[in-house]
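Good morning, everyone. I would like to take a few minutes to walk through one structure with you. Please keep the display in view as I speak.

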Amino acid sequence: MNDSPSTADLVDEHGALLRVCDVQFQQFGKVRAFSGPVRTVSCYEDNGLVRELLNTPGEGSVLVVDGRGSLRSALTGDLIAKAAVDNGWAGLVLYGAVRDSAVLGTLPLGIKALGTNPRKSSKAGAGAVDVPVGFGGVTFSPGDVLHADDDGVVLLPPAA
């Protein structure tokens, strides 16, 4: 959603209650500011669970994927991102790489990732869904509320 306050305004409003991710992500989706409740996937160079989850109703959620920072293969490309759009996901935050970046920039979806790689990942489905994942000095837990824009990614607990 684009009507959420900026991450800078959220920092000013919530102070220490707000958790700020220190990773310097690149923007890939057409939607530059997005927010929603967090869902998570933990995986390594395998996007089977990412694809599976994004093919289910997102209901405005943001999928946070801990790919352990690997840039050796892409965890999301145009087909998986299109599934996210079709199923009502607000955005993706990938601690890993994407591919098909030119197409991703045309999709009405927020997408942040570390970078790009044209290589496909494996599709075995190894990993875990809806478990706490951590990177950039913060832990992302299912149900947290994530806000992202050009300045960064921040988290609030569900009740804040």
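This is a predicted model. Let us begin with helix α3, where the cover over its buried residues includes α2, β5 (74-76), α4 (101-104) and β7 (110-116).

Which residues of α3 are buried? Helix α3 spans residues 78-86, and Ile80, Ala81, Ala83 and Ala84 are buried there. Viewed down the axis of α3, the buried residues fall within an arc of 155°, so they line one face of the helix. The spacing follows a general rule: an α-helix has 3.6 residues a turn, so residues three or four places apart point the same way. On the other side of α3, Leu79 and Asp86 are exposed. After α3 comes glycine 88, with a positive phi near 80°.

I turn now to strand β4. Which way do their side chains point? Val62, Val64 and Asp66 point one way from β4, while Leu63 and Val65 point the other way, and all are buried.

Next, the partners of this strand. Strand β3, residues 34-42, pairs with β4 in the parallel sense over 5 bridges. In this pairing, valine 38 stands opposite valine 62 of β4. Between the two strands, the chain passes from β3 through helix α2, residues 48-54, to β4, and this β-α-β crossover is right-handed.

β4 also pairs with strand β6, residues 91-98, in the parallel sense over 5 bridges. Here valine 64 stands opposite valine 93 in β6.

Thank you for your attention.

Technical notes:
Residues numbered from 1 in each chain as written. Predicted model: local features only at pLDDT ≥ 70, side-chain atom pairs only at ≥ 80, totals over all residues. Heavy atoms only, no water. Buried < 20%, exposed > 50% of the residue type's maximum accessible area, 1.4 Å probe, protein only. Helix = DSSP H or I, 4+ residues; strand = E, 2+ residues; numbered from the N terminus. Pairing = 2+ DSSP bridges. Right-handed = clockwise from strand over helix to strand, strands pointing away. Arc of directions from axis to C-beta. Contact = heavy atoms within 4.5 Å.
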